[in-house]
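I opened this entry to keep track of what I looked up, chain by chain and then across the contacts.

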Amino acid sequence: MKVLMCGNEVLAEASIMAGCRFYAGYPITPQNELPAYMSRRMPEVGGVFIQAESELAAINMVFGASLRGVRAMTSSSSPGISLKQEGISYLAGCELPAVIVNMMRGGPGLGNIAPSQSDYFQATRGGGHGDYRQIVLAPASLQEIVELTMYSFDLADRYRTPVMILGDGILGQMMEPVVLNPESRSSKPGIKKDWILDGCKNRAPRVIKSLFLGEGELERLNQRLQLKYRKIAEEETRSEVLYGDDSTIILVAYGTMSRVSRNVVEGLRKQGKKIGMLRPISLWPFPEKELKILSEKVDKFLVVEMSCGQMVEDVKLGIECKRPVHFYGRSGGGLPTEDEIMRELMTIYSSSLP
Amino acid sequence: MDTIFSKPDSMKDVPTHYCPGCGHGVVHRLICEVVDELGIRESVIGIAPVGCAVIAYDYWDFDVTETAHGRVPAVATGIKRTHPENIVFGYQGDGDLAAIGTAEIIHAANRRENITIVFVNNSLYGMTGGQMAPTTILKQKTATTPLGRDPKREGFPLKVCELLSVLPGVFYAERVALYNPQNVLKAKKAIRKAFQNQIDGSGFSIVEVLSQCPTYLGLSPKDAVKWVEEDMLKEYPLGVFKG
């Protein structure tokens with residue numbers, strides 16, 4: 001059965017379907033529907049909702065619930081996510097699972113409350129201090145929010161690592177019909193957690209920590225984390241390719257921008273133009289292999305973002321700069337339209353004709 | 001032969017890293033004695049702060065987590081709310097609780113979180129080299145108040161028990177000290193009460209322990225203890241502020 005809900009509410013309900021039983025957050029636009037939904041829904045399923053005094057407190061409450069073995073989530077938007085970075089670094093260092101939602105808005109600073117994709121660097125480069133990575137998933141529709149939210153809890157538990165769901169104000173606020181079907185869920189809240197703190201009954205006491213003062217201890221932790229990140233990159237990279245076999249130009253876009261780009265691609269295909277698209281679904285790990293394969297076949301890339309150019313760097317790195325990579329972006333609430341992308345594309349397209 | 005004095009079961013049999021005359025070892029032990037006496041070792045979860053006591057888990061023989069600086073009450077909230085059957089306590093210093101974590105402690109208390117906080121106030125930052133703490137007393141010289149704390153420049157000593165006791169969410173707030181055996185026993189009684197309150201579901205309990213840091217007071221262990229009794233006590237009167 002299909003229901004009509006907004007993205008923030010869909011994400012909240014999907015997390016509950018995934019077994020999330022702890023949520024803490026601090027109000028910020030454009031994600032306020034999410035905590036409001038949680039405040040009503042969590043008590044119904046025997047979970048806990050807390051409106052925290054700050055983002056710092058919220059992420060650390062999640063830290064507490066997570067180390068106790070509970071599936072836990074917090075959500076915010078750009079300025080609030082900056083405040084959570086300390087906590088995310090500690091989650092990574094202590095190897096605790098958690099899901100963090102960022103419904104991006106314009107920045108820097110207080111910016112505005114319009115949708116944006118300008119936290120890509122922060123999300124994929126670490127954000128907080130130290131040698132760590134977080135998995136970053138970018139849904140492009142409300143149905144995909146359901147799927148990726150459930151997947152994110154599985155990933156967080158499987159790899160004992162923070163996972164970020166990176167959306168934007170549009171995805172959070174828009175309404176679409178979705179199927180919320182707990183029958184088809186892939187989520188496995190039953191993953192055995194033999195590392196949690198629950199009182200040392202019939203076992204040796206456990207410690208959760210990220211301080212390693214002994215000679216070489218921290219380097220060993222970091223090496224182990226890197227092995228884990230390599231495994232994640234090998235097994236959990238996700239992307240969607242459209243017309244990958246015969247395109248001369250490939251548009252690269254994620255999330256909301258991939259929806260606009262898809263329309264452009266389909267429109268141009270109808271005119272017989274050989275344009276395709278790569279949509280990264282996991283932003284970290286980034287679909288480098290898929291890009292490399294495409295770079296063997298196509299002439300050029302055009303990256304489209306609601307930012308001044310962030311993911312474009314990963315595209316260049318992914319293809320090792322073997323093909324020209326163009327960029328079109330708008331930021332601060334500006335949204336590249338189909339016409340604008342089309343214009344940009346046609347300029348590049350005609351210059352590549354013999 | 002009867003054993004009349006021994007190491008608490010909850011305390012590991014290892015030497016601590018604390019400086020000679022430091023109060024942390026005593027407070028660690030008091031907590032372990034209380035945990036043993038209340039029979040809660042298998043349900044207790046301790047939370048270590050950032051500061052000298054960060055590696056308290058090397059001495060406590062039960063489940064312990066570390067946290068980011070000042071976030072102990074938030075982490076405690078996440079644990080206790082999801083699993084009220086666990087006995088959750090936070091161990092915080094004056095920088096952790098009264099400076100960087102001021103928001104977290106006030107709001108955890110105000111939410112009436114059913115947790116126990118042991119707050120060790122030694123009037124300065126020990127781990128980073130003896131800088132001024134919010135609780136540094138007036139005229140006290142520290143690494144960052146070389147001329148002595150001047151209220152015109154650095155403001156006033158922060159009185160945590162007085163501040164928290166006005167909140168309806170606080171069930172119990174007491175200030176104790178360690179400067180003589182009688183007061184150590186009183187400190188233990190207060191810590192025990194703060195744990196018992198949690199077992200009874202009474203709400204937020206805090207015990208502020210005035211402690212001594214001979215190293216950064218620049219005093220011998222004996223004189224440091226005397227300093228707490230003669231100078232620190234004037235600023236921080238002992239007693240029950242609530243409960």
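I began with burial in chain B of this predicted model, where 56% of the 243 residues count as buried. I then looked up the secondary structure of chain B and noted nine helices and nine strands. The radius of gyration of chain B came out at 17 Å, close to the 18 Å that the globule rule gives for 243 residues, so I recorded chain B as being as compact as a globular protein of that length. Along its principal axes, the C-alpha trace of chain B spans about 50 × 50 × 30 Å. I also checked how far apart in sequence the contacting residues of chain B lie: among contacts between residues at least 6 apart, 68% join residues at least 24 apart.

Next I turned to the domains of chain A. The domain assignment gives domain 1 (2-235) and domain 2 (240-352), and I noted 28 Å between their centres, taken over C-alpha atoms. In the contact between them, 26 residues of domain 1 of chain A meet 21 residues of domain 2 of chain A. On the domain 1 side, α5 (120-125), β6 (135-137), β7 (162-168), α7 (169-173) and α8 (217-235) of chain A each supply at least two residues, and α5(A) gives the most, with four residues. I sorted the residues of that side into 16 nonpolar, eight polar and two charged.

I then went to the contact between the chains, which takes 32 residues from chain A and 29 residues from chain B. The elements giving two or more residues to the chain A side are β3 (48-51), α3 (55-67), α4 (78-94) and β9 (207-208) of chain A, with the largest share, nine residues, coming from α3(A). The chain A side divides into 18 nonpolar, six polar and eight charged residues. I followed β9(A) across to chain B, where two bridges join it to strand β2 (residues 63-66), the two running parallel, and I found A:Val207 opposite B:Val64 in β2(B).

Last, I asked which residues touch the most other members of the largest nonpolar core. Of its 184 residues, these are A:Val62, A:Leu251, A:Val303, B:Phe89, B:Val118, B:Ile191 and B:Val209. Domain 1 (2-235) and domain 2 (240-352) of chain A both give residues to this core, so I placed it between them. I took B:Ile191 as a case to follow: leaving aside its neighbours within four places in sequence, B:Ile191 is in contact with B:Leu30, B:Ile31, B:Val34, B:Val118 and B:Val207.

Technical notes:
Residues numbered from 1 in each chain as written. Chains lettered and ligands numbered in written order. Predicted model: local features only at pLDDT ≥ 70, side-chain atom pairs only at ≥ 80, totals over all residues. Domains from an automatic or database assignment. Contact = placed C-beta atoms within 7 Å. Nonpolar A, V, L, I, M, F, W, Y, C, P; charged D, E, K, R; others polar. Rg over C-alpha atoms; globule rule 2.2 N^0.38 Å. Buried ≥ 20, exposed ≤ 12 C-beta atoms within 10 Å, placed from the backbone. Core = buried A, V, L, I, M, F, W, Y, C linked by C-beta atoms within 7 Å. Pairing = 2+ DSSP bridges.
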